[in-house]
Amino acid sequence: MSYLDLLRLLAPETIVAITALAVLAVDLLVMRAEPVRKRFTWGAFIGALGCAAASGWMLGAGAPGGIEGLFVDDTLTRLVKFALLVLAVCAMVISMEGDFTRHVGEYLSLMLLGTVGMMLLVSSADLLMIFIALELTSLSLYILAAFNKQDIRSAEAALKYFLFGGMSAAFTLFGLSLVYGLAGSTSLPQIAAHLAVAGLGTDPLLLAALVMTAIGFGFKVAAVPFHFWAPDVYQGAPTPSAALIASGSKVASFFVLARLMISGFGAAAGRGAWHDYSPGWIPTLAALSAASMVLGNVAAIAQNNVKRLLAYSAIAHAGYALLGLLANDGQGLGSLVFYTVTYGLTVAGAFGVVMVVEKKTGGARLEDFAGLSRREPWLSFCMMIFMLSLAGIPPLAGFFGKFYLFTAVAGSAKNLGMLWLVFLAVAMSAVSLYYYLKVLKQIYVSPARVEPPATQSSLSSRMLLGALALAVLGLGCAPDVFVGRLLAAVQAFNF
Amino acid sequence: MLPWTIYISFIGVLALMLLPREQPRAARLIALVTAVLGLAAAVAGILHHPGGFQPLVRAHWIPGLGIDFFLGADGISLVLVLLTGIASVTGILFSWNVEHRAKEFFAFYLALIGGVYGVFLSFDVFLLFVFYELAIIPKYFLIAIWGSTRREYGAMKLALYSFVGSAMVLVGIVAAYVVSGQHSTSLFDLAKFPFPPGFQYWAFPLVFIGFAILAGLWPFHTWAPTGHVAAPTAASMLLAGVVMKLGAYGALRVAMTLFPLGLQAWRNELGLLAVIGIVYGATVALVQKDFKFVIGYSSVSHMGFVLLGLVTINTIGLSGAVLQMFSHGIIAGLLFAVVGRMVYDRTHTRDLTQLEGMGLGRALPFAAATFAIAGFASMGLPGFSGFPAELQVLIGAWYAFPTLAVLAGLGILVGVAYTLRALQKSFFGDAEVTTENLEAHPLPPITIPEKIGAVILIGTTLVIGLCPSLLLNLIVPSFDLPLFDGLLRGGPR
């Protein structure tokens, strides 16, 4: 394979990386003296163009290809990458509202570089590739979290994120090194073949490696008990960074986790059904999932800062999304991708609303949302859609996502063995309605305490949030647009 | 025509949302026109109904999971669609005085109506569930924003109770979908599938109680009185009038048709709970100080009849239950309209002792007459729709569980007592009311929209009371449909 082929294979990533550099260059060379808002607008515009170009390339790219056992390029990865690009554009547009930094070019190009990392993550099928892509994503996100230099909580958030992240990366690497030692290869298909042939499915060393890897990824997706960074980071980091951490990074991490577990460690799946247990990654992740759903939802009730509330809700949603992985089949993977992508769109929208409110009132406490429906009817309506979708109310995307996950996981084991998790998930989503309604109650029911300035939010925010709300509604009413494609695409996945 | 009931309601929501500023008059008009068109579509649909089961729309919705957009109607659906149409029109007439955020009020109101129509016309379990949950959120906002006494508490309690109930239903649906393995959520496909008895044994109570929470099944009824009391008039009319019926309808349509063996296993327990609800609701209503709480608890009592009728599993009891759903929807709507709109909006109190001193019988003769008629209808006097309905339920219950039927009859007696007590205290108190006194503190007279609304509701309960066969001719043949083979005839024919 020549370098030209390699470049063609990696063209979407390359386009985004070049866009990152272009954004940086334009901002530093031309726009230095302009007001921050204008610099953000142009930067986001160039960034969005680059993302569109990368999407266009994938649309025109021919038959699925890739490098066997190293890099995957098929309809499924293209679909997920497209979602990642959309989420990156959302995060950039949200940041246009911001005045937390003067380093506009650096901020936006780091967002794009983080996105490159996520895209690589989606395509990797090799332990080393996975690790490198993971680090590229993480390092960008650490810096993005620290970008608000005026706020000490931003620094705290970044430091926490970095320390936890470094630690979990060490765990992941250790786990992966054990796998390499057992299987003698870093390529997932070869590992899978070796584990299956050698009957190493229940080897204690492999199980230790699985647990280590699960710890690392548990951190990335903020599953209990590796979630401690999330509330502080979501609250402290600049809101657009939090949006990217909550949306794009989650989609990519879940996808690569699924690839690692399903196609790499399929031999060590184990069983986590009621009265039918055997060790492996399914019971491990089932425990993480159950703990995340319970703790995330219960802790969210007590929050009075909307960003923290969204952080705990993100923990809970990580628990739901893990259900799709536990199904360990095509339906499960399809539901996982559908769920994480729609969750990403929803939470990006929610953070977009938080950004606007934060700018107007100076905070993101629940009281700051009081009376929002009188000042900003459109944003309030969008927020209602986002919150209800997160709570899983039909006909929004969050509801169908949950239904799809539940049917996938319930049908995956004999005799409804996994229904106990569905029970738990449904019970917990009933709990979650309480705190989502608390936010909506502030917006629609409570009168405003202090009248904030009567200026309207910017047109870009209103358009973005409207588009996201429409997407959430549309994917809920006509999920087949996405599900149909997904189901066709997962056929190509190597189970 | 019938699917248009749903579409028209949501078009109305859209129209209201696009309405520029606060324009209460325009909002009211749009809402009324929407509701009237919905009712017209319902009536036209009923007149053109060919009998039996009529499929209306069937399109693939999510082929990947075998979910269809499947609307249809049998006699049971038709009766409840008609109820929804009447309740929605009269509800708007009784909220003609809403000025505060009127546009949003009617938007939420019509969204609720659209969801309710959808539930009654869905023959795909997934679709039914979507519409069912769609109705939860508007209720929350209607109560929390426009309600009275402890509205935020009442609204949240109602939303959480409904959501917990629908969570139970969701688990049951997911499990049924997976167990049947037919890759379909159509009610017909699922009803034909013989679910294993062991599965039905736990899935039935899960789904039945999940739905019955919304129907006010004792001991899960506590959302109902607080919710009704907190809600604004139109919302409590809808809540008691149609939303509680959603629960009973879901229990019949989904839980009972899918899991008939489960029903066999649990019917005694559920019958007992229903009768406790009848007697308990009536007894508690007897000692309430708040006028609206009396009606709230009376709803629990009357919905007990619906649930009792359902678990009799004989055609007479089941059709009585459906007739009672219709009848109670009309009567409860009327009672709440008198209490919430005619009395409370004028006197600003619902305390029965305070009302006793006001001499409302003379001040508001129209309200007094309406309440007296509604009260008689609610007691189950012959000539009103409650009589044939509760009689059928009692006969059905007599075949199924005689002891419980006697106890339920006792509940009717207590019902007479609390209705008369409320009537006497509210309108015909002992206080000496002189004409000068009335002139010194005049109450605003009853408005035209209120009168029209009251006349529609009274007329409906009278027509059905005098000629129940109008509805029974729709309801009874429905139970001969293949859908109910498992429930009534021990398995598919």
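## Helix 18 of chain B

In this predicted model, helix 18 of chain B is mostly covered, since 11 of its 15 residues are buried. The buried residues are B:Gly386, B:Phe387, B:Pro388, B:Ala389, B:Glu390, B:Gln392, B:Val393, B:Leu394, B:Gly396, B:Ala397 and B:Ala400. The cover over these buried residues includes helix 13 (291–311), helix 14 (315–347), helix 17 (365–379), helix 19 (402–427) and helix 21 (448–466) of chain B.

The length of the helix can be checked against its residue count: at 1.5 Å a residue, the 15 residues of helix 18 (residues 386–400) of chain B should span 21 Å, and the end C-alpha atoms are 21 Å apart, which agrees. B:Ser469 itself belongs to helix 22 (residues 469–478) of chain B.

## Chain B as a whole

Chain B contains 23 helices and two strands. Its radius of gyration is 21 Å, close to the 23 Å that the globule rule gives for 493 residues, so chain B is as compact as a globular protein of that length. Taken along the principal axes, the C-alpha atoms of chain B fill a box of roughly 75 × 55 × 40 Å.

Of the 493 residues in chain B, 64% are buried. When contacts in chain B between residues at least 6 apart in sequence are considered, 81% of them join residues at least 24 apart.

## Where the two chains meet

A:Tyr444 is placed in helix 19 (residues 419–444) of chain A, and it counts as buried because 25 C-beta neighbours lie inside 10 Å. Leaving aside its neighbours within four places in sequence, A:Tyr444 is in contact with A:Ser373 and A:Ser380 in its own chain, and with B:Phe141 and B:Ile145 in chain B. By contrast, A:Phe71 lies 49 Å from A:Tyr444, C-alpha to C-alpha, and the two are 373 residues apart in sequence.

## Backbone details in the loops

Most residues other than glycine have a negative phi, and most peptide bonds are trans. In each chain there is a place to look at with this in mind. In chain A, a cis peptide bond joins A:Val224 and A:Pro225, with omega about 5°, and A:Pro225 is in the loop between helix 9 (204–220) and helix 10 (229–236) of chain A. The loop between helix 9 and helix 10 of chain A also holds A:Ala222, which has a positive phi of about 60° although it is not a glycine. A:Ala222 is buried, because 30 other C-beta atoms lie within 10 Å.

In chain B, a cis peptide bond joins B:Trp218 and B:Pro219, with omega about 0°, and B:Pro219 is found in the loop between helix 9 (197–212) and helix 10 (223–230) of chain B. Another residue of chain B, B:Ile313, has a positive phi of about 50° although it is not a glycine, and it is found in the loop between helix 13 and helix 14 of chain B. B:Ile313 is partly exposed, with 19 other C-beta atoms within 10 Å.

## Confidence in chain A

The pLDDT of chain A averages 88, and 97% of the residues score at least 70. Which elements of chain A have the lowest and the highest mean pLDDT? The lowest mean, 74, belongs to strand 3 (residues 271–273) of chain A, and the highest, 93, belongs to helix 5 (residues 104–123) of chain A.

Conventions: Residues are numbered from 1 along each chain as its sequence is written. Chains are lettered from A and ligands numbered from 1 in the order in which they are written. This is a predicted model: local features need pLDDT of at least 70, side-chain atom pairs count only at pLDDT 80 or more; totals for chains, interfaces and linings use all residues. Helices (H or I, at least four residues) and strands (E, at least two) are DSSP runs, numbered from the N terminus. The radius of gyration is taken over C-alpha atoms; the globule rule is 2.2 Å times the number of residues to the power 0.38. A residue is buried if 20 or more other C-beta atoms lie within 10 Å of its own, exposed if 12 or fewer, and partly exposed in between; C-beta atoms are placed from the backbone. Two residues are in contact if their C-beta atoms, placed from the backbone, lie within 7 Å. The expected span of a helix is 1.5 Å times one less than its number of residues. pLDDT is the predictor's confidence in each residue, from 0 to 100.
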